[in-house]
Each structure stands twice: as structure tokens, then as C-alpha cells.
Amino acid sequence: MEEMTFEQAMKRLEEIVTQLESGDAPLEKSLALFEEGTKLSAYLSKTLDNAEQKVTLIQKQNGQEEEIPFDAETE
Amino acid sequence: MKEPPVVYTVTQVNQTIKLLLENTAAFRGLYVQGEISNFKAHSSGHYYFTLKDAQAALSVVMFRSDAARLRFRPENGMKVLARGRISSYPKSGQVQLYAADMMPDGIGALTIAFEQLKQRLYEEGLFDTEHKKPIPAFPSTIALVTSPTGAAIRDMLRIMERRYPVAKIQIFPVLVQGQQAAASIAQALEDVNRRGEADLIITGRGGGSLEDLWAFNEEIVARAIYYSDIPVVSAVGHEPDVTISDFVADARASTPSNAAELCVPDRIELHRLLLSQNAEMTSAVQNRLHEHRVALQTLEHRRKQKTPLGYIQDKRFELDHVTGRMQTAMEQRLLLQRKQFGEMAAYLDAYSPLKVLARGYSVVTNKNGRVIGSSALLKKGETIAIQFAKGRAECTVDQIRRK
């Protein structure tokens, strides 16, 4: 799950919800999908809650490019 | 005695004119206002035209290097302001303005340039919708190509931090006004693409005059946006400000703050969505379980009613059983009937009239054939018949005794 980007996880979750709602999957599959879906949902929720914005500045000096942390207030 | 007149050659005259002109301070650098006519862009790249007003005309030449820097294309009938020097061309004696710079006269100067560039790029297809890339719904890394100072960037960072801190922000600092701005922005756009880390670019700046925003109307910026493989959102100035970047970009935001809101989802909304998805999944699975339970019950019920094969077997068994019972019943009935018949036969036998007759009794009948069991039924002189075991006699009634 950690290999997925936020976007991929959201998309997969949407797929699962659609599949479950269509009622096409047999019971075994439905239960497996439900499990995957709940795990994804929990992961996404946690990610949203715990995320801290990361801001960097790409600085060019003497032909060198460097990524440094950026603080809007002090610039 | 009169002195002979001075005779100059043509060359001398023309050279003198040139010298006189070039020694006139005012002519060394001046602005001339007029209307363009007879405009010709020479294959060499030099411009040749005439500037005229109501009374007079002046030849103008603009050399290639200066002509190339013009922000607009001169046309006949255009009213312009030309900056340059007055001199003459010795070979022809032609007095002309050597123009170093030129601009459309009046307030709409930049507007005209804007309109012309817009038209040209539109015709080239830089604004085509087919070329525009979709903006990612959940960007992982967003590149901001803008000034690293000022309200614009602070607002964008703040809004994105509130809504969606999941997205990482990379700032590519550029100049957003002045001569170097356009090149700075174009270079940064290339850098973002080269690094290949961002999945979205926002470029723009806060509000200002048309001159202030001009960098985002420059061709070099437009092309850098067009050729960016990473989607670009243009966010320049305020709502009514429209720049060429807005037309080329994959999406336009009215201001940098607006861009921050458009480009990232709001985590409060996302939480709401996740909750409703959980509810949907749960109810879907509950439905499936319920369906499954009902299906099982139906199967069980049907099995109790026998499966087709068992059903047939059972029915057959039933049939056999019933048949057996039928047979038994029939046999018993038959036996009973035989017995009854036998009993009846014996009874009949015992009470058979023939048997009775054989014991000596006889049967009396009148002339109508009616069996007479009582003398009361007879009249004197009546004819009667008497049946014996063997034979019969016809008699006449002589006397009747009623006992």
C-alpha cells in the first residue's frame, strides 16, 4: 500500500466501491474486496491526518542546482 | 571684378548635407511621430517605409537588428512613434530617419502588440484544446514558478497547506517583471521538466499593470508553457487580467490563490468522501451476505422438497407403496366378495324355491301369474295353477277356508 501514490490509492478505492455496489462479485470476492477497501480507506485517512507540507526551493548558483528547505516567512 | 561662383561636385554637396545633419544636436537622437506608408520589409531584414503627416513625408530605414526587437509588426496606416537619428545617404542625398526603435502611438501600444502575438500564436495552434493536458486530481509534487517573495507565493503555500499538505511543493524562483523576466520564467519551466519530479506546475504572479504582467505575454514564455510535458496552470494577476500564458496553459486560474484552490483537493472533503465510501462498502457487503443467506435457505428448502433425482425416486417409492396398498385392498375385497358370495349362495341355496319345492311344497299362482300366499286372495270358482317340484296342475277353487 505504501508503494501506491495517494492518487493511485484513491482510484483503487473508488474501483472497489463500484465493484461492491454492482453486486456482481461472488461472496468470497466481495469479502476480499471489502477488506482491501477498508484497509485503503484507513491508510488514506491516516495520510491526510498526519501529512505535513514539505516546501523546498530550487536554488541555482554557479551553474549548480540545489534543493533547499524553504520558509515563506523568512524569505 | 566679380568672383567666379563656387562649383561643388554632387558628392561634395551630399557629403556636406550629411555633415550638417549629423552636427545638428537635435538630429542625433529624436522622436518622430507619423503614419506609416509604403512599408516594405526587405529580404535583408531591414525595414524601409515613409512616415508622413498631413503636409509632409520623411523616409525611414530601420536596420535588421533593430527591426527584430520590435514587439509588433508595423503596418501601413499605423500611427507610430519612432526613435532614431536624422542623417542622409550620400549616394542619393536622401534625408532619412534611421530608426532604432518604434512603438505604436497612444495608450494601446502594448494592447496592439498583445493582440498581434495572440493572433499569431493562435494561428500556429499553441492554444489548441487537443494539446492541453489534464490536471492531476491528487498531485504529489507541485512546482511553483513564481517570485519567491511577496503575497502571491505566501498565499499559495498557506492555502495548499490548509487543504492538502500531502502535496510536496518545489519553488523555482523567477523574476516576474522587467526585461529579464520572460527568459527567467521560460528557463524555470524548462528546469522543472528536466528534473521531472513535479506532476503539476503553477506559474504566475500577483496583480499589476499591463507592463508589470508583460512577461506572461511574451512569446518565449508561451512556447515554454506549450512544450512543457508537465501540465501548467497559469495564474497571473487578478480576475480580469488575461495573458497569453492563460491561453497556452493547460488550465487558467484567475489569481495565484485561485490556482492553489483549483489544483489541490480539500482534505475535509476527502475525509467526508472516505466516510461515505466506507458506508457504501459496508452496506454493499451486508447486502451480499443477506442475499447469500437467503440463497442458502432457498436451497435448503428445496432440498427438503427433494432434489429432482430424489424427488423422482421418492415419487416412485410412493407409487409402489400406493400400488401395493391398492393391490392388498383389492385382494381383500375380492376375498370378502367371494365370501359374501359364498354365503349368499349358501343362503340362496337354502332358501331356493326349488329346494323348497323338493321338500313337498308347491307354489300356487292365479290366472295372472300372481303367486298366491293366502286364501284370501282366492275366489270360489277361480282358476289357479299349482307348481310342483316336478310338473304342474291347473285347478278350480271349490271351497275356501279362511284360516
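**Exercise 1. Find which residues surround B:Val145, leaving aside its neighbours within four places in sequence.**

Solution. Start with the contact rule: heavy atoms within 4.5 Å. By this rule, B:Val145 touches B:Phe172, B:Val174, B:Ile185, B:Ala188, B:Leu189, B:Val192, B:Ile201, B:Ile202, B:Thr203 and B:Gly204.

Before going on, keep in mind that this is a predicted model, in which local features need pLDDT of at least 70, side-chain atom pairs count only at pLDDT 80 or more, and totals for chains, interfaces and linings use all residues. Residues are numbered from 1 along each chain as its sequence is written, chains are lettered from A and ligands numbered from 1 in the order in which they are written, and side-chain values use heavy atoms, with hydrogens and water left out.

A nonpolar core is a set of buried Ala, Val, Leu, Ile, Met, Phe, Trp, Tyr and Cys residues joined through side-chain atoms within 4.5 Å; buried means under 20% relative accessible area, exposed over 50%, partly exposed in between (1.4 Å probe, protein chains only). The largest core has 56 residues, and B:Val145, B:Leu51 and B:Met102 touch the most other members. Helix α6 of chain B (residues 181–195) gives this core its largest share, seven residues. Apart from it there is another core of 41 residues, including A:Phe6, A:Leu57, B:Phe138 and B:Val233.

**Exercise 2. Work out how strands β11, β12 and β13 of chain B are arranged.**

Solution. First, the terms: helices (H or I, at least four residues) and strands (E, at least two) are DSSP runs, numbered from the N terminus, and two strands pair if DSSP finds at least two bridges between them. The three strands form an open antiparallel sheet in the order β11-β12-β13. Its edge strands are β11 and β13 (392–396), each pairing on one side only. From one strand to the next, the twist averages 25 degrees, with axes as lines fitted to C-alpha atoms (for helices over the stretch in contact) and angles from 0 to 180 degrees between N-to-C directions.

Now go into detail. Five bridges join β12 (residues 383–387) to β13 in chain B, and B:Thr383 stands opposite B:Thr396. On the β11 side, B:Val364 belongs to the strand of residues 363–366. B:Val364 and B:Ala385 are 21 residues apart in sequence, yet their C-alpha atoms are 5.7 Å apart.

**Exercise 3. Describe what strand β1 of chain B pairs with.**

Solution. Take β4 (residues 79–89) to begin: β1 (residues 30–41) pairs with this strand antiparallel over six bridges, and B:Gln33 has B:Leu81 as its bridge partner. Then turn to β2 (residues 47–52), which is antiparallel to β1 and joined to it by five bridges. Here B:Glu35 faces B:Lys52. The hairpin of β1 and β2 has five residues between the strands, and B:Gly45 takes a positive phi near 105 degrees.

**Exercise 4. Describe the interface of chain B with chain A.**

Solution. Count residues first: 40 of chain B are in contact with 40 of chain A. Then take the area, defined as the accessible area (1.4 Å probe) that two parts lose on being put together, summed over both. About 3500 Å² is buried, 63% of it from carbon and sulfur atoms. In chain B, B:Leu274, B:Met281 and B:Arg288 lose the most area, together 18% of what that side buries.

Finally, look at charges. Between the chains there are five salt bridges, each a side-chain nitrogen of Lys or Arg within 4 Å of a carboxyl oxygen of Asp or Glu. A salt bridge joins A:Glu65 to B:Arg195 (2.7 Å, N to O).
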